[in-house]
Amino acid sequence: MIQSPLLEHRTGYVAGAFLPPHAGPRFVVHDPATGEPLAELPSYGAADTDAAIAAAATVLAAPPASLETRAGWLRAIAAAQLAHQDELARIITLENGKPLAEARGEVAYAAGFYQVAADSIDALAPRTLAQRPRGLTWTVYARPAGVAGLITPWNFPLAMLAKKLAGALAAGAPAVIKPAELTPLAPLALVHLIDRLDLPPGMVNLVFGDAPAIGAALCAHPAVRVISFTGSTRVGQLLASQAAPHVKRLALELGGNAPLIVFDDADVAVAVEQLMASKFRCAGQTCVSANRIYVQAGIAEAFTHAIAARVRALKVGHGLEPGTQVGPLIDRGAAAKVDRLVGDAVARGARVVVGEPAQPDTGFRAPTVLADVQPGMALLTEEVFGPVVPLVTFATEAEVVAAANATEYGLAAYVFTADPARGARVAAALRFGHVALNNASGPTPEAPFGGMKSSGYGREGGVEGLLEFVELQTVPSA
Ligand code: ADP
């Protein structure tokens, strides 16, 4: 079991207080590397969620806090996260499995969203139109949209929450947070830090447990006006259909299936370096992980050798062990999916360049490189969400653009070429919300990030991430 000064209370948080223990159902959080239990938490359902929404709604009954006050909350949360970076990172590593250095990076990255939201908050100030249509003064106000339901995944327990909570708090929209049941402890620790700050009771609430019941309650309650969700396309579709009768706004960040394209003229060393960082972060379990690696025929052999050497040298282990570069997958289901996709590819003729047979009784999977991957293999249509590099050889620009776009997803893509004109042309032709040129950077707090097609809609980060949580109101006055 985990001991932590940031996990003194092991319950939800509603109206500015941790809930009393209850006698209802409970669930257990595990260390994915060892299978050992870390904590047992109460499982909340519809009634508790309604209570959390009601607490959040009381905040909206009072006039909204000033932008300056909200910026102060955001800066205080960023500072608190950074002041407890080591402990928050340890909790993330224990419940998620990622190496400690990555978890520390996640805490700093998450703090950046609060900081940037504070820095950008003037974008929400009332704006008076320069023109005076009909002889009136027109002012546009960014009002808090209402209660915000924030449903987050397990791969970045604090960063995915930061992307949503920073926007909601900047907008003055009180939040009901529903973290993933696989990784609720870092969010719970963050709420311990928020509890010490000077936010109005009800501004931040936390429930977890029965995800379908909590999701349905958030969708049905009239006070909830925005639901921001990051997770699977299946659950995103379900939430959209549940919210449709109430005409609620959704921001959905769903699956990816990121192509990484390397043209013959690219700097192979740079492309390999960047691919390693994109692919093996969180053991490949991120929605922006390079999932389909397209390499032009002229450099395919050199690229395969270079990436194989790097992947062979990766150190797999418990995230708290010094030197670990790749931790376990989140659970046995995730490992079984990797086995299925690799098995399908090998059965259809893919060649294992690096990789070992799966260890069925653990959540760990060996970093793997597959060559001769062909269209039609499941590995190219489904997100592998694991430490697997599938290499596909291509001949022409037109062919690779068509192949890269031949997916229902459209989140992130990466292009490596020495020709800036080609880079610009290919970026414009790719139907992805984020296209990185000669680097494989994922999102940053300063920029809007989100998907096209089945990867969802809405943006997180940047000024756009704040606008998701406001309603614009126009006041023409005589
Ligand atoms: P993943 O496959 O990455 O685990 P999910 O979409 O299942 O993605 O999970 C993302 C988040 O959605 C988690 O917090 C999870 O608990 C939550 N979730 C799962 N099912 C539902 C549901 N029916 N309604 C609302 N939230 C859900």
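Predicted model: local features only at pLDDT ≥ 70, side-chain atom pairs only at ≥ 80, totals over all residues.
Biologist: What makes the radius of gyration of the chain agree with a compact globule?

Modeller: For 478 residues, a compact globule would have a radius of gyration near 23 Å, and the chain has 23 Å, so the two agree. Along its principal axes, the C-alpha trace spans about 70 × 60 × 40 Å.

Biologist: How many helices and strands does the chain hold?

Modeller: The chain has 15 helices and 20 strands.

Biologist: What share of the residues counts as buried, and how do you know?

Modeller: Buried means under 20% relative accessible area, and 56% of the 478 residues count as buried. The chain still exposes about 18000 Å², with carbon and sulfur atoms supplying 58% of that area.

Biologist: Why is a group of residues called a nonpolar core?

Modeller: The name applies because its members are buried residues such as Ala, Leu or Tyr, joined through side-chain atoms within 4.5 Å. The largest one here has 90 residues, and Leu74, Tyr114, Leu165, Leu169 and Leu185 touch the most other members. Helix H5 (residues 159–171) gives this core its largest share, 10 residues. In general, nonpolar side chains tend to be buried together in soluble globular proteins.

Biologist: Which residues is Leu74 in contact with, leaving aside its neighbours within four places in sequence?

Modeller: Contact needs heavy atoms within 4.5 Å, and the partners of Leu74 include Tyr114, Ile121, Ala166 and Leu169.

Biologist: What makes up the second core?

Modeller: The second core is separate and has 68 residues, among them Ala266, Leu275, Val288 and Tyr294.

How values were computed
Residues numbered from 1 in each chain as written. Heavy atoms only, no water. Helix = DSSP H or I, 4+ residues; strand = E, 2+ residues; numbered from the N terminus. Rg over C-alpha atoms; globule rule 2.2 N^0.38 Å. Buried < 20%, exposed > 50% of the residue type's maximum accessible area, 1.4 Å probe, protein only. Areas by Shrake-Rupley, 256 points an atom, 1.4 Å probe, with all protein chains shown as cover.
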